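Morning, everyone. Let's take a quick look at one structure together.

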Amino acid sequence: MRKVVTGDQVAQIYNRDPLAFPIWRAPVYRTPGWIIAIAQLCRFLYWLARLIIRHPVVSLVLAVLGFTWSETGWLGVTLLVVWSVLVLVGWRVLWPVSFARRAASPARSRARAWRYRRRWASVMTISGLAPWYQGRIILPVLGKVRSTRYVDRVHVRLVSGQSAAAVADVADNLAHGFGALLCRVRTAKSGAVVLEFVRRDALAQVVPPTPIRPYPDLRALEVGRREDGQPWLVRLHGTHVLVAGATGAGKASLLWGLVRAMFPLMQDGLVRVLAADPKLMELAFGRIIFDTHGDYAADPAAIADMLERAVDGMLARAARFAGFQRDHTPTVTDPFTVVLVDEVAFLTAYQPDRKLRERIMNALATLTTQGRAVGYCVVAALQDPRKEVLTIRNLFPDRIAMRLDEPEQVDMVLGDGARDRGAVCELISSHPATGAGVAFVRLEADPDPVRVRAGWVSDTDITDLTAACYPDTVPLEMEEVPA
């Protein structure tokens, strides 16, 4: 008969059946209570130190409140709270930008992060992004959350083997799960994505024209607002821009917004604008601006001559720069030249005169291929983005797509895969109050399209610009007539 050991050091579970296989277990050792108390105290101190390090502001506030209550009681705590609220209100009123960057935005981001952390496991599991591996569920790792008044950007580290395309397939599920209007998946570093949750539509109302800056930056001209509520900045220096949109999409407001943003530099002689206006409608309203600070042409033959003169000036400048400088800096002698072409399809595809069409196409091709380094930029607007309409559309690094008629046209303008990344230009409303000026932008350096809206430039705003181009009238002094 087997010997059975009883007590705390049991190595074999007792079984009355003599034919049963022995079942073994590890011996049990009883830890003294004082060791357990020390271990729990160390764990508590570690948790407290980690909490203070991760939340220094909250910890400091609680420490100050506790010290004030111990020294002065509830009256001191009440006075301290009232004084703090007054300081925050004054900070918000006097320095709103600093308050938003250092107080409001971090507080909002932490509050939103807590909301995502609370729902993270359930939403990831139900949407199918939490795979089952070796008997347990593996969740994508929730990273930093950065929030604005309109958009939350959530950094996520994916599970090994997942792709950004798999997350994009369930973007609608994620938007509903976290209570957002929509969710876009942005590319990030390898193995990670950025989920952009739109909580409120910052572009639902008409965007007013941005104020004219006294010293605008040609690499960041403010012309409207982005979906996250931040200013929409358009770069012209060192690039070319293609604008596509159906009739009534708001292309005119964008073109006039660029002119309005550059106007101080035009007055200083640092920028020239060559306006080609074959429709004789949009740019003709402010023709005096281009006649004063550049050139204007509406007839196709005059447009061809103007573009060829621009090519000659560009080649002459390149010959002077060769061997001396590689980048262009706007000066009065060599100003930055913007070639603004409205309805370029009429000049490149629908022009009945073949010779004029070839002259215009050759000039535009030369400007777009050689003009970036020497201070020439082409901004072309059109309605039909097909390749046979504008064969040089791939020469425009930065592209803006407004409301389009067909889903296939989105990839024609913004490049392959743009619509899969959320650029649904065909769904932009045709109502002027809600859809005019709304667009998706895809830059050369960023493959992800961004939803924006151009500020509405009214006839009064254009008239104010034209008034600054007329010379001031000097009254004639009447000679004194002898009595």
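**Rings, cores and charges**

There are nine aromatic pairs in this structure. Rings of Phe, Tyr and Trp (its six-membered ring) pair if their centres lie within 6.5 Å. One aromatic cluster is made of Tyr116, Trp120, Phe178 and Phe197.

A word on the source. This is a predicted model: local features need pLDDT of at least 70, side-chain atom pairs count only at pLDDT 80 or more, and totals for chains, interfaces and linings use all residues. Residues are numbered from 1 along each chain as its sequence is written, and side-chain values use heavy atoms, with hydrogens and water left out.

Next, the inside. A nonpolar core is a set of buried Ala, Val, Leu, Ile, Met, Phe, Trp, Tyr and Cys residues joined through side-chain atoms within 4.5 Å. Buried means under 20% relative accessible area, exposed over 50%, partly exposed in between (1.4 Å probe, protein chains only). The largest core has 44 residues. Leu307 and Leu364 are among those with the most contacts inside it. Helix H9 (residues 300-321) gives this core its largest share, eight residues. Helices are DSSP runs (H or I, at least four residues), and strands too (E, at least two), numbered from the N terminus.

Now charges. A salt bridge is a side-chain nitrogen of Lys or Arg within 4 Å of a carboxyl oxygen of Asp or Glu. The count is 20. Arg199 and Asp152 form one, at 2.4 Å, N to O. They sit 47 residues apart, with Asp152 in strand S4 (residues 151-157). Is Asp152 buried or exposed? Asp152 is buried, at 0% relative accessibility.

Technical notes:
Phe/Tyr/Trp six-rings, centres within 6.5 Å; stacked < 30°, edge-to-face > 60°.
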